[in-house]
Structure formats: C-alpha cells, structure tokens
Amino acid sequence: MSADGQARSHWFDDEAGPVVRPYAMTRGRTSHAAQHRLDLIAVVVTEPRADDTDTDSALSPEQADIVELCRDVPQSVAELAAELDLPIGVVRVLIGDLADAELVHVTRPVPPAELPDESILRDVINGLRAL
C-alpha cells in the first residue's frame with residue numbers, strides 16, 4: 001500500500017465519525033416547512049408508492065434508510081434519529097423532504113387538550129345504559 005493509501009485509511013476508521021457532516025445531508029438547511037408537524041413523537045409511515053428506494057437516485061442514503069425503516073413498522077421521529085444516529089434536526093429535514101415527495105406520511109398523536117373530557121364520556125355511557 002502506498003503512503004497515500006496508509007494516510008487515507010488512517011482518517012477513515014470508526015473513530016473518525018461520519019464522513020458526511022449533518023449540514024451537508026440537509027444542504028445547509030436547519031428546518032423544513034413542515035417542521036411544526038414533526039415533533040419527537042410524530043409517527044412516520046412509508047407510503048405504498050415508495051416501492052423501490054434502492055433505484056431512486058434522487059434519495060440520499062439516509063432518506064432511503066428512513067423509508068426502509070418505516071416500511072414494515074411505523075417509527076417515531078425520535079426512534080428514527082436514534083436508529084440512524086443522526087441529530088433530530090437533520091432527521092426532521094430529511095423526513096420533511098420525503099413527505100413533500102409523498103414517499104412517507106406523518107401522523108401526530110391527538111394532543112391531550114383535544115381529547116374528549118372523561119366526565120362527558122361517562123355521562124354518555126350512563127345515558128346509554130339507562131336506555
């Protein structure tokens with residue numbers, strides 16, 4: 001191996017960290033237009049039309065990984081960031097791009113403030129029983 005080859009192998013090991021920096025994955029963007037929908041517990045689901053991401057050259061490797069991870073089991077934004085070992089901000093931008101391309105969709109759990117009041121549900125149940 002040449003001296004140049006030894007120098008390269010010295011820099012590309014597991015301890016060197018990622019070869020591509022996170023800001024490069026998002027083309028320098030730190031947020032996405034859909035950012036407000038992508039909280040940590042939002043669930044990402046692959047769309048049926050996202051069949052063959054391996055041959056889609058428009059997707060980055062990280063985006064293809066997101067589509068594959070969500071294909072069988074829906075994943076939360078936090079789970080995807082942990083699985084991919086990427087910062088949450090980067091994952092949000094990548095998911096936003098995938099949602100724009102209609103390769104995934106994002107569902108949010110119902111906020112507690114929008115859930116029906118438990119006392120109203122009890123009143124309805126009691127009213128039905130009284131019939």
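Helices (H or I, at least four residues) and strands (E, at least two) are DSSP runs, numbered from the N terminus. The model is predicted, so local features need pLDDT of at least 70 and side-chain atom pairs count only at pLDDT 80 or more, while totals for chains, interfaces and linings use all residues. Residues are numbered from 1 along each chain as its sequence is written, and side-chain values use heavy atoms, with hydrogens and water left out.

Side chains of opposite charge can pair when their charged atoms come close. A salt bridge is taken here as a side-chain nitrogen of Lys or Arg within 4 Å of a carboxyl oxygen of Asp or Glu. Two salt bridges are counted by this rule. One joins Glu 68 to Arg 71, with 2.9 Å between the closest N and O atoms. These residues are three apart in helix H3 (residues 61-72), and therefore about one helical turn separates them. Glu 68 is partly exposed at 36%. Arg 71 is partly exposed at 30%.

The other bridge links Glu 118 and Arg 122, whose closest N and O atoms are 2.3 Å apart. Both residues lie in helix H6, four residues apart, or about one turn of the helix. Glu 118 has a relative accessible area of 46% and is partly exposed.

Helix H6 (residues 118-130) also holds Leu 128. With a relative accessibility of 55%, Leu 128 counts as exposed. Leu 128 belongs to a nonpolar surface patch with Ile 120, Val 124 and Leu 131, and together they have about 450 Å² of accessible area. Patches are built from residues with over 30% relative accessible area and no salt bridge; like charges are joined within 9 Å, and nonpolar side chains (Val, Leu, Ile, Met, Phe, Trp, Tyr) within 5 Å. Accessible areas come from the Shrake-Rupley method with a 1.4 Å probe, and for residues only the protein chains shown count as cover.

Two loops contain a residue with positive phi. Asp 85 is not a glycine, yet its phi is about 55°. Asp 85 sits in the loop between H4 and H5. This residue is exposed, at 68% relative accessible area. Glu 102, also a residue other than glycine, has a positive phi near 60°. Its place is the loop between H5 and strand E3 (104-107). Glu 102 is exposed, with a relative accessible area of 51%.

Definitions and conventions:
Buried < 20%, exposed > 50% of the residue type's maximum accessible area, 1.4 Å probe, protein only.
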